[in-house]
Amino acid sequence: MKKIILGAMALLNLMSCSGDEKLDLTPPAKKKLVTMTYNIHHGAPENSEVVNLANIAAVIKSSGAEVVALQEVDVNVARSGKVNQAAELAKLLGMEYHFSKSIDYNGGEYGVAILSKYPMTNKRRELLPMPTAGEQRSIAVATVTLPDGKSIEFASTHLDLNVPNRTAQAEFLNQLSTSLNKALFVGGDYNAIPSSSEMLKLKERFTLSCMSSCPLSFPVKTPTKAIDFVLFNAQAASSYTLVSSVALTGQYASDHLPVSVVFQYD
């Protein structure tokens, strides 16, 4: 009899405990990925040759950007004090960097770069097609491993000033997306507005980082053009949702405004 009573009390205690424990049906919080594209004009403000990388770093830091596409980056160029600007910005921000030379310039190199808060592997450089004469352009690409172990392909580029070259370069980016067959984000100064034929070509494989409208990013103080974007392909769109895209007004460290683009993912 004593055993029966003890068993019943244990059962009541178990039932009481079970009643106090509520199932948490709250869906897990979405993760956030903060990206940026920024034409830094070799660290000099509009209409100035006074280089100040600390200002560029402060802009990037204040945005909370985790992965950044940079354009117009000097490496060991006389006009900017023979500094490796990609390495110096990475040092100031506590990030990794990957630089892609587009041209030799004034005793050094000039091109595009990626900064990342997270580890980068498989860093590579590709020259963009130039069917007509012009300044050679390139793209920096790397695999970025996010904190949860997921990886993305992230790139930085700067398309040419003339339409024939931009068109060929847009087709190159489309082919890159197809060949990678992975989530790909390409931050860049595209030198073209969203309605241009070149950007329409890119829309065959990518989505532009625009919400209701595309943020005006050039010129820096009274911007009239949207030419700076973070493009993302279909594989990226299947897992990453665009939640904001803004030009950070009031940031005059360059001749372009930086464009901050935020994604959410599971």
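Start by selecting E72, S102, Y110, G111, V112, E135, R137 and H158: together they line the largest cavity. On a 1 Å grid over the protein atoms alone, a cavity is a set of points where a 1.4 Å probe fits but cannot get out, and lining residues have an atom within 4 Å of a point. Its volume is about 50 Å³, counted as the space filled by probe spheres set on the points, with grid points joined across faces, edges and corners. Colour by class and you get 2 nonpolar, 3 polar and 3 charged residues. Here Ala, Val, Leu, Ile, Met, Phe, Trp, Tyr, Cys and Pro count as nonpolar, Asp, Glu, Lys and Arg as charged, and the others, Gly among them, as polar. Strand β4 gives the most to this lining, with 3 residues; strands (E, at least two residues) are DSSP runs, numbered from the N terminus.

A word on what you're viewing: this is a predicted model, where local features need pLDDT of at least 70, side-chain atom pairs count only at pLDDT 80 or more, and totals for chains, interfaces and linings use all residues. Residues are numbered from 1 along each chain as its sequence is written, and side-chain values use heavy atoms, with hydrogens and water left out.

A pocket is an open set of points with protein on both sides within 12 Å along at least five of seven lines.

Now select 138-145, strand β6. Is it buried or exposed? Of its 8 residues, 7 are buried, so β6 is largely enclosed by the rest of the structure. Look for A142 facing its bridge partner F154. The two strands form a hairpin with 5 residues between them, and G149 in the turn has a positive phi of about 95 degrees.

Last stop: F263. Leaving aside neighbours within four places in sequence, F263 is in contact (heavy atoms within 4.5 Å) with residues including L33, F185, V230 and Y240.

Notes
Buried < 20%, exposed > 50% of the residue type's maximum accessible area, 1.4 Å probe, protein only. Helix = DSSP H or I, 4+ residues; strand = E, 2+ residues; numbered from the N terminus. Pairing = 2+ DSSP bridges.
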